[in-house]
Amino acid sequence: MSEMLLQTRALTKQYGRHRAVDQVSMHIKKGAIYGFIGRNGAGKTTTLRMISGLASPTAGEIELFGCRGRDLSRIRSRVGCLIEGPGLYGSMSARDNLKMKSMLLGVYKRGYEEELLDIVGLGGVGKKPVKRYSLGMKQRLGIALALVGEPDLLVLDEPINGLDPQGIAEVRDTVLKLNRERNMTILISSHILEELSKIATDYGIIHNGTLLQELTNEELMEKCSERLEVTLDDPERAVPVMDRLGIKRYQVADREHIYIFERLEESAALNMAFAKAGIPVRGISVTNEELETYFLKLTGGGADA
Ligand code: ATP
């Protein structure tokens, strides 16, 4: 099993009578890009604030780099975060913003600011005050600020929110680069599953404060990929028939559905083979569930539910 970098156990945050985060147990492997998905108000920011040490849990536990409880304060510097906006000094340049943060954290290294700006693709922005930056540039500078001190875990709260397609692509590229070249583990939230599907290796889906599901990218793709959906009464009886036909990529989804991920054009032949084996098929169709539909179904229907 891969090494866990972060685990929470029944992590809970109560505001008055409202439970913003309810017994969340999440698991993030070292080296993962973990997409934390939930609609507005689902509890993402509150969870990320607890993980980053900006809010304290009402109940439950966080284990980070093998440390728990009081020991967590020792390893906080290994976590960099961008939560609820980067907090930039608008009249200063990117470099000076970075210099301030480095001084605050006691990091003194020649050329450090330039190095960080290069990583996030802002090398060569010169002295322009950051208030004249585009939203995408500000977000990338926010990421650069979170990188001061070389964290092993980077926590990014909705860094893609409000960006245009180019801005989204730039933030995505930066995240991938940090993960691949610097071996950084990244926890990144969004309210749009599709937006993270190009980079995330794992997902946690949160709704009304509860973690509904954790799954790997492969599992998600399998769930949403093109497939033959066969409806029948006793799927287990169909398994030997599929084996005989040499079908390897299939899944018995529940007590009346089988998903087949190959030979999608052979539905008629398949139907016949089942019939010959005395297994009546009630329906057979090719489906391809959109990622967003999957997410909406999981979190209970329409966009405003
Ligand atoms: P968004 O994307 O809108 O920020 P989110 O998934 O990050 O959503 P949170 O900001 O974590 O959600 O909020 C979860 C719930 O907790 C919301 O109902 C919010 O109103 C409530 N909440 C968050 N912070 C506080 C607070 N300081 N006091 C009271 N309630 C709060």
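Author: The model is predicted. Leaving aside residues up to four places away in sequence, I143 is in contact with L82, V120, L154, L156, V171, T174 and L178. I143 also belongs, with L141, L147 and L154, to the members that touch the most others in the largest nonpolar core, a set of 45 residues. The greatest contribution to this core comes from helix α5 (residues 135-147), which supplies seven residues.

The description now turns to strands. Strand β7 (residues 153-156) runs parallel to β8, and four bridges join the two. Within this pairing, V155 has L187 of β8 as its bridge partner. β7 and β8, together with helix α6 (residues 165-181), form a β-α-β unit that is right-handed. Strand β4 (residues 33-37) also pairs with β8 in the parallel sense, over five bridges. Here I33 is placed opposite I186 of β8.

The burial of β8 itself remains to be described. Strand β8 (residues 185-190) is largely enclosed by the rest of the structure, because six of its six residues are buried. Side chains in a regular strand alternate between the two faces of the sheet. In β8 both faces are covered: one side carries T185, L187 and S189, the other carries I186, I188 and S190, and all of these are buried.

Terms used:
Residues are numbered from 1 along each chain as its sequence is written. This is a predicted model: local features need pLDDT of at least 70, side-chain atom pairs count only at pLDDT 80 or more; totals for chains, interfaces and linings use all residues. Side-chain values use heavy atoms; hydrogens and water are left out. A nonpolar core is a set of buried Ala, Val, Leu, Ile, Met, Phe, Trp, Tyr and Cys residues joined through side-chain atoms within 4.5 Å. Buried means under 20% relative accessible area, exposed over 50%, partly exposed in between (1.4 Å probe, protein chains only). Contact means heavy atoms within 4.5 Å. Two strands pair if DSSP finds at least two bridges between them. A crossover is right-handed if, with the strands pointing away from the viewer, the path from the first strand over the helix to the second runs clockwise.
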